[in-house]
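Visitor: I'm new to this and would like to learn how to read a structure. Could you walk me through it?

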Amino acid sequence: MTTTKTATIKRTTAETDVSIELTLDQYTAQKIDIQTGIGFLDHMLHALAKHSRWSLTVHCKGDLHIDDHHTAEDVALTLGSAFKQALGAPVGIKRFGYAYAPLDEALSRAVVDISGRPHAEVDLGLKREKIGDLSCEMIPHVFQSFAQNAGITLHVDALKGFNDHHRAESAFKALAIALRDAISPTGSNDVPSTKGTLTA
């Protein structure tokens, strides 16, 4: 019997109120509803969910009258927590995943390890101050915050491209495909580690 990998997380602070519902491995009846108040962040998370084959609902009310930092960070932290909870024990999965994703002239690479050790190396080479209402400095921070609470290692690099929108979007799409690869089942029930655990 296939177990549904799902999580519902709510995170409320004085800065943001975030609620996320996530279901992994949605190859039919995929549902995506992203409302963060930051249009470009919504667009990127929609791409992430679509190509990861997630059903994802994200609602956030944040202090956007200050800036975009708290909203983008807290959404990514909460999404990372939801991913970790939905995945459950990392047993019987490939653990490692990688992908390249092009978008016109841009090309990005993502490499993922469901390691239990949070770490992110992100190099997107963005030149603009903002894309829409999302600060370009926040885009790597979104990846880093997601990795932190998901407990994964990820490396994301935009390898080429002159359009910052394309560079960023190809990076999110590459991450999506790499995550989908990393959590794909191996058909066994073993822990993919010589230590015998990925949770200690």
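Visitor: Are Asp113 and Arg95 buried or exposed?

Guide: Buried means under 20% relative accessible area, exposed over 50%, and partly exposed in between, with a 1.4 Å probe and protein chains only. Asp113 is buried, and Arg95 is buried too. Keep in mind that this is a predicted model, where local features need pLDDT of at least 70 and side-chain atom pairs count only at pLDDT 80 or more, while totals for chains, interfaces and linings use all residues. Residues are numbered from 1 along each chain as its sequence is written, and side-chain values use heavy atoms, with hydrogens and water left out.

Visitor: What do the side chains of Asp113 and Arg95 form where they meet?

Guide: Side chains of opposite charge can pair when their charged atoms come close. A salt bridge here is a side-chain nitrogen of Lys or Arg within 4 Å of a carboxyl oxygen of Asp or Glu. Asp113 and Arg95 meet in one, at 2.6 Å from N to O. This pair links distant parts of the chain, 18 residues apart: Asp113 is in strand β6 (residues 106-113), and Arg95 is in the loop between α2 and β5. As for those labels, helices (H or I, at least four residues) and strands (E, at least two) are DSSP runs, numbered from the N terminus.

Visitor: How many salt bridges are there by this rule?

Guide: The count comes to seven. One of them joins Asp74 and Arg11, whose closest N and O atoms are 3.1 Å apart. Asp74 sits in helix α2 (residues 69-87) and Arg11 in strand β1 (residues 6-12), so the pair ties together parts that are 63 residues apart in sequence. Asp74 is buried at 3% relative accessible area, whereas Arg11 is partly exposed at 29%.

Visitor: Which helix holds Glu169 and Lys173?

Guide: That's helix α4 (residues 164-182); because Glu169 and Lys173 are four residues apart in it, about one helical turn separates them. Their side chains also meet in a salt bridge, 3.1 Å from N to O. Glu169 is buried, with a relative accessible area of 9%, and Lys173 is buried at 17%.

Visitor: Stepping back, how many helices and strands does the protein have?

Guide: Four helices and ten strands. Along the sequence they follow the pattern β-β-β-α-β-α-β-β-β-β-β-α-β-α. For overall size, there's the radius of gyration, taken over C-alpha atoms, and a globule rule of 2.2 Å times the number of residues to the power 0.38. The protein's radius of gyration is 16 Å, close to the 16 Å that the rule gives for 200 residues, so the protein is as compact as a globular protein of that length. Its C-alpha trace spans about 45 × 40 × 35 Å along the principal axes.

Visitor: What share of the 200 residues is buried?

Guide: Buried residues make up 52%. Of the contacts with a separation of 6 or more, 76% come from residues 24 or more positions apart.

Technical notes:
Contact = heavy atoms within 4.5 Å.
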